[in-house]
Amino acid sequence: MKSDAVASRETVQDALSDHAASTKALLDADFTVFDTAELLAIQSERELRARADEMIGHRIQAALMDRAGAHEIGGKSWVDVLATRMRISRAEAARRVSGAELLGPRHAIGGEVLEPVLAACAAALAEGSICAAHIKVVRATMTSASGRMTGTELADLEVSLVAAAKTTTPETLEKAAERVLYKLNQDGDGPDVARHKRGITLGAQDADGLVRITGWVDAELAAYLGTVQEVWGRPGVNNPDDAEPKLNPDPSPLEDEPGPACDPAGAEPFADADTAEDPDPNHPANFGALADLAAGDTRTRAQRLHDAFKAILRDALMAKSLGQHNGIPVTMVVSTTLAELEAGAGIAVTGTGTLMPMPDLIRLAEQAYHYLVVYRKHTAEPLYLGRTKRLASKAQRLLLYNRDRGCTRPGCTKAACQCQAHHAEPSWNNGGLTDAPTLALGCGPDNRLAEMGWTTSIDHDTGRVHWHPPPLMDTGGDTLNHHFHPEELLPPEEGAGGANC
């Protein structure tokens with residue numbers, strides 16, 4: 001036992017000496033003699049080593065906390081000890097202590113060595129395949145899911161998330177984690193948490209004349225706000241500092257239809273109060289009924305304001321007067337599957353990236369007929385335009401909204417409403433056709449990557465778009481963007497399936 005301890009001490013001291021020597025050599029090195037490819041390779045190698053070094057730090061700190069208490073050293077806590085000795089911030093010290101507790105080895109009462117709390121994360125960090133930001137997402141997800149999963153299920157969840165983390169960014173991993181938590185608790189903490197928690201409150205006006213708005217909005221209102229924000233809140237539009245503020249300059253591509261916008265069948269807006277089976281309480285002849293409804297309204301003032309705001313935005317989006325954005329009307333586009341729509345359960349995704357419960361989508365469709373028309377009648381316009389036009393048609397863009405949901409380049413988080421139609425297979429300059437199966441969504445900056453050596457291809461069995469980097473950017477990473485399809489990073493569910501509608 002004593003000889004093992006001596007050997008271990010010698011091994012560590014030799015490793016530290018070698019590490020110090022290699023560090024000095026790197027500090028003294030002239031990196032200007034390397035070409036671009038070599039410098040990128042060096043940076044990648046150092047990133048792997050830095051992650052492994054962080055794991056070594058967790059193991060050292062775990063051994064230190066197992067051997068002594070902070071008070072024995074003269075600190076109030078281990079955070080205090082590290083902050084004082086290392087001259088680091090208390091926040092960084094707290095992160096290191098927490099990392100040692102979760103990722104460092106543990107010991108049972110009898111002295112047996114136990115796996116770390118987050119064993120899969122510890123192993124992946126040691127090999128350099130994930131970083132601290134990935135672990136932060138995994139830890140937060142497992143904490144949120146702990147009350148709804150068994151220990152075995154939590155361990156399986158960690159393994160799944162770590163496997164996904166090895167091929168994607170922390171931002172995309174977070175999307176996959178959100179999908180897991182949403183499926184665990186679709187109904188919220190109560191029978192209808194969105195119904196009771198929603199609300200917008202106007203604060204008191206301050207000396208500058210400003211009023212603070214606070215509150216929570218449900219998925220439907222968030223989607224409305226996101227849709228309008230992307231267009232009417234963009235630079236150069238509705239600027240109060242302009243002498244003549246400009247509204248959205250793009251005309252709406254929607255054609256006017258006969259009859260009231262709220263009734264495609266052309267029905268009268270108000271029925272005769274004397275003969276109608278269900279008189280409108282807003283009709284002047286029915287103020288008594290309106291008073292009865294008001295008496296039974298249990299909503300708070302904040303909830304009533306929230307619902308009024310939602311109605312105004314919904315009517316504005318239905319009025320066909322907000323113009324167009326990237327070639328389609330300023331309206332809501334929602335992506336779902338036929339199976340989820342028929343079952344009335346599941347998750348829909350809007351063009352702004354908002355997750356919407358299926359009951360909300362069905363209720364939205366009942367209140368806005370033309371939202372369904374977008375999907376029922378999109379084939380009324382030709383989807384194959386050949387090379388007659390470079391710009392994708394309205395129907396094609398709506399199809400891309402539904403299929404891609406956002407920019408298709410791996411790592412990009414731009415939602416569909418912030419993207420353009422990209423000629424993916426091949427590019428327009430290389431003879432690409434403006435046909436729906438060969439188009440893809442790409443944000444403006446990523447679209448221009450085609451001029452910098454990037455190429456794209458489409459898997460026509462799945463419809464998913466692959467981005468192939470130029471040689472110096474090719475690290476063998478995933479060619480698909482899972483940010484808007486986080487379910488692809490998770491184990492398949494039993495009985496999952498259904499065609500896109």
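The structure is a predicted model, in which local features need pLDDT of at least 70 and side-chain atom pairs count only at pLDDT 80 or more, while totals for chains, interfaces and linings use all residues. Residues are numbered from 1 along each chain as its sequence is written, and side-chain values use heavy atoms, with hydrogens and water left out.

The protein chain contains 18 helices and 13 strands; these elements are DSSP runs numbered from the N terminus (helices, H or I, at least four residues; strands, E, at least two). With contact taken as heavy atoms within 4.5 Å, 58% of the contacts between residues at least 6 apart in sequence join residues at least 24 apart.

Confidence was examined through pLDDT, the predictor's confidence in each residue on a scale from 0 to 100. Its mean over the protein chain is 75, and 64% of the residues reach 70 or more. Among the elements, H6 has the highest mean pLDDT (95) and helix H16 (residues 369–376) the lowest (36). For residues 368–390, where pLDDT stays under 50, the model has 51 contacts beyond four places in sequence. Where pLDDT is low, the predicted coordinates should not be read in detail.

Helix H2 (residues 36–67) packs against two other helices. Its axis and that of helix H6 (residues 119–127) come within 6 Å and cross at roughly 135 degrees, which makes H2 oblique to H6. Axes are lines fitted to C-alpha atoms, for helices over the stretch in contact, and angles run from 0 to 180 degrees between N-to-C directions; angles under 35 degrees count as roughly parallel, over 145 as roughly antiparallel, 65 to 115 as roughly perpendicular and the rest as oblique. In this contact, Leu48, Arg51, Ala52, Glu54, Met55 and His58 of H2 meet Ala122, Leu125, Ala126 and Glu127 of H6. The axes of H2 and H5 come within 8 Å and cross at roughly 85 degrees, so H2 is roughly perpendicular to H5. On the H2 side, this contact involves Glu54, Met55, His58, Gln61, Ala62 and Met65; the H5 residues include Arg95, Arg96 and Leu103.

A nonpolar core is a set of buried Ala, Val, Leu, Ile, Met, Phe, Trp, Tyr and Cys residues joined through side-chain atoms within 4.5 Å. The largest has 26 residues, and Leu103, Leu118, Cys121, Ile135 and Leu173 have the most contacts inside it. Two or more residues each are given by helices H5 (90–103), H6, H7 (132–145), H8 (151–165) and H9 (170–184), with the largest share, six residues, coming from H8. Beyond four places in sequence, Leu103 contacts Met55, His58, Pro116, Leu118, Cys121, Ala122, Leu125 and Ile135. Another core, of 13 residues, lies apart and includes Cys412, Ala421, Leu439 and Phe484.

Positive phi angles were also examined. Arg87, although not a glycine, has a positive phi of about 55 degrees; this residue is in the loop between helix H4 (78–86) and H5 and is exposed, at 74% relative accessibility. Arg405, also not a glycine, has a positive phi of about 70 degrees. Arg405 lies in the loop between helix H17 (394–404) and strand S10 (419–423) and is buried, with a relative accessible area of 12%.

How values were computed. Buried means under 20% relative accessible area, exposed over 50%, partly exposed in between (1.4 Å probe, protein chains only).
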